[in-house]
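Hi,

Here is the structure I promised to pass on to you. Have a look at it first, and my notes on what turned up follow below.

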Amino acid sequence: MDAADLAMVLLVAFVGAGLILAVLKPKQKQVAMAPKDPSGIEACVAVFLFQGKSLVDATGGAVALLDHRADHMSDYDAVLHALEARFPTLGSTLDDPTTTATRLRSKEGPEVFIDIKRDDTQLRLSLYTAEKTVMQLWVQAADDARTSLMHDVAAHTTQLIWQTDKVGKLRWANRAYCEFAAPQDPYQTPLFVMPSNLDTQGEHRLSITNPQTEVTQWFDVRTVAHADGFLHFANDANALVRVDQQRQSFVQTLGKTFAQLSIGLAIFDRDRQLVMFNPAMLEMTQLPIDFLTAKPSIDTVLDRLRERRMMPEPKNYGSWREQFSAVETAAKNGTYSENWALPDGQTYRVTGRPHPDGAFAFLFEDISAEVSLTRRFRSDIETGQAVLDTLPDAIAVFSAAGTLVTTNRAYGALWSTNAELMLEYRELQSEMSIWQDRCIPSPIWSEMRNFVQQVGARKPWCEDAMLDDGRHLKCYATPIAGGMTMVRFAIAPQMRPVIRKLTLPDAAIRAGKR
C-alpha cells in the first residue's frame, strides 16, 4: 500500500468517526431566537404559553410577574391584570377570535411591545423591552401597589386588627383598634384579654367593658398564626349577642309558661330527639327525669311508655314498630290526634303538632274526667229515652224555635214515623201535617201551633181530637225548661164492642175529608 492509499484510508476513517459521533451525540434543546424588532431591540423578558386560558409554560420573567397576583386570580387574569395598565387594548385583542398574529406597543413608548400569536387553542404572549430593568421596575411597582393597598385597607377598615407576639404583647395595631382603645395607650394596656389556649387559634367571643360608662361590648375575634406571633381580627358581635340573649330569655319565658301548663308537652327536634318537656309530662307519663334529660329518641320514649303501660297495648306486636313511624309521620303532618285509653281507667288525648325545621311536638291532655262526664251524660240520655219509651202516651218535645228534639216509641207507633228519622232535622210544621192527616179536621191544631211558638210564661194546654179511625185523642201541651214544649197524645180507653162498632171509620166521612 503506497502513501496515497494510506492517506485515503485515514481520511475515510476520520470521516466515518465523525459521522458516528454526530449520530451518537445527544440532541441539545434548541431555543428559538426571539424575532428581532426593526429598531434592533431583541430583549425578550417574558413569554407566556396558554392552552385555552390555562397556562402550560412560562419563562422566569413571566413567573416573576405572576408571583404578585391576588390569591383568587387565575393565571390568565393575572397576566391581563399585570399588563393591561401598559397595554390597554390587550384584553379586547385577545377576546377577538380573528386575532392570530399581531403586535401591541406600550403606551409608554415603542421600545416596549407584546407579540401575540394564536394557533387554534394555543396562545403565545411574548413581552419585549429595551432594558431588562424595566421588568424589575414593573415587579417592584406591582409589589408597592399591593403594599399600599393593604396599608389603606388596614387604615380605613372598621374592623379591629392587631398583631401580638407569642407572649401576647402588642406589636402593631390598625387605626380602628387605636381609636377604640383611646384614651388609653393600647401598647401599655391590652384592649383584649386573650384566652390562654390562644395557640389553638380559631374564633373566640370576647367582651370589653368601658370603666366609665360600664357598657359591655362584644366581639368575635379570629386569630391566625403569623411569623413569630399572631394576627387578630375582631368583628362587632353586639347584635348577635343581643339576639342570643333575647332567644335565651324567650326560651326561659316559654319554659316558665310550659311549667304552669296542665297539659304534658314533649318537643322533638329534626333528629327525632327529645329537646324539651314540662313537669306535666313527667307527672302524666311517670317517666324518670334522668331518662328524659338524656334526650332520648321518639322510638325510645314511646317504647318506654309502652313498658310502663302508659300506651294502649297493640293488638299486633309485630306491627308495633311500624306504628311508631306512623305516629311520627302523622305528628309531623299535624294530623295525629288519638285518645289513649289506659288500663288503669285514665284517658289521654295525644295530639301531634309540626314545628319549624322538621321538629314536632306531642301534647298529652288528661281527659279522664271529660270522658267520664260524657259517658255519664250519654248514660243519662239513654236512661231518659228508655223511660220515655216505657210510657204508653205518645210524647214529642219541641224547642222554642219549633224544632223536634226527641220522641218516644209510642209516638212513632201512633203516627207511623220511623225512629231512625229522629237524627234528621224535623220541624213542628212537618209533624203537624202528619197529625192533621191522621185526624178528623179540627181547629185545635192552630191553637197548638200558637202555644208552641208563644214566647214568655205559658200555662199547660189541653184539647180533644179524633183520629180518622174513630179513636178519641187527648192532646196536651206543657211548657218545660228552656222555652221548650212537651206535646203528649193520650188515646182514650178501649170502648165496648157496640160503641166501637159505632165509632168505626165511615166511608162517607173519609171520602168527604179527602
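The protein chain exposes about 32,600 Å², and carbon and sulfur atoms supply 55% of that area. Please keep in mind that this is a predicted model. Of its 514 residues, 33% count as buried. The chain has 17 helices and 20 strands. Among contacts with a separation of 6 or more, 39% are between residues 24 or more positions apart.

Now for the inside, starting with the nonpolar cores. The largest nonpolar core has 24 residues, and those that touch the most other members are Trp-415, Trp-435, Trp-445, Met-448, Leu-473, Cys-475 and Phe-489. Seven elements each supply at least two residues of this core: the helices H13 (409–415), H14 (428–438) and H15 (444–453), and the strands E16 (394–398), E18 (461–466), E19 (472–479) and E20 (485–491). The largest share comes from H15, with five residues. Another core, of 23 residues, lies apart from the largest one, and includes Ala-266, Met-310, Met-311 and Val-350.

How many cavities of 30 Å³ or more does a search of the whole structure find? The search finds one, and about 40 Å³ of space lies in this largest cavity. Its lining is made up of Ala-266, Phe-268, Met-281, Ile-298, Val-301, Leu-302, Leu-305, Phe-362 and Phe-364. Strand E11 (264–268), H10 and strand E15 (360–366) are the elements that give two or more residues to this lining, and H10 gives the largest share, four residues. By class, the lining has nine nonpolar residues, with no polar and no charged ones.

Just after H10, Arg-309 takes a positive phi of about 60°, although Arg-309 is a residue other than glycine. Where does Arg-309 lie? Arg-309 is in the loop between H10 and helix H11 (320–333). Arg-309 counts as exposed because its relative accessibility, 52%, is over the 50% cut-off.

Asp-120 also has a positive phi of about 60° without being a glycine. Asp-120 is found in the loop between strand E4 (109–119) and strand E5 (122–128). With a relative accessible area of 69%, Asp-120 is exposed.

Is Ser-416 buried or exposed? Ser-416 is exposed, since its relative accessible area is 58%. Not counting residues up to four places away in sequence, Ser-416 touches Tyr-411 and Arg-438. Ser-416 and Arg-438 are 22 residues apart along the chain, and their C-alpha atoms are separated by 9.8 Å.

Happy browsing, and do write back with any questions!

Best wishes

Methods:
Residues numbered from 1 in each chain as written. Predicted model: local features only at pLDDT ≥ 70, side-chain atom pairs only at ≥ 80, totals over all residues. Heavy atoms only, no water. 1 Å grid on protein atoms, 1.4 Å probe; cavity = no way out; pocket = protein on both sides within 12 Å on 5 of 7 lines; lining within 4 Å. Points joined across faces, edges and corners; volume = space filled by probe spheres on them. Nonpolar A, V, L, I, M, F, W, Y, C, P; charged D, E, K, R; others polar. Core = buried A, V, L, I, M, F, W, Y, C linked by side-chain atoms within 4.5 Å. Buried < 20%, exposed > 50% of the residue type's maximum accessible area, 1.4 Å probe, protein only. Contact = heavy atoms within 4.5 Å. Areas by Shrake-Rupley, 256 points an atom, 1.4 Å probe, with all protein chains shown as cover.
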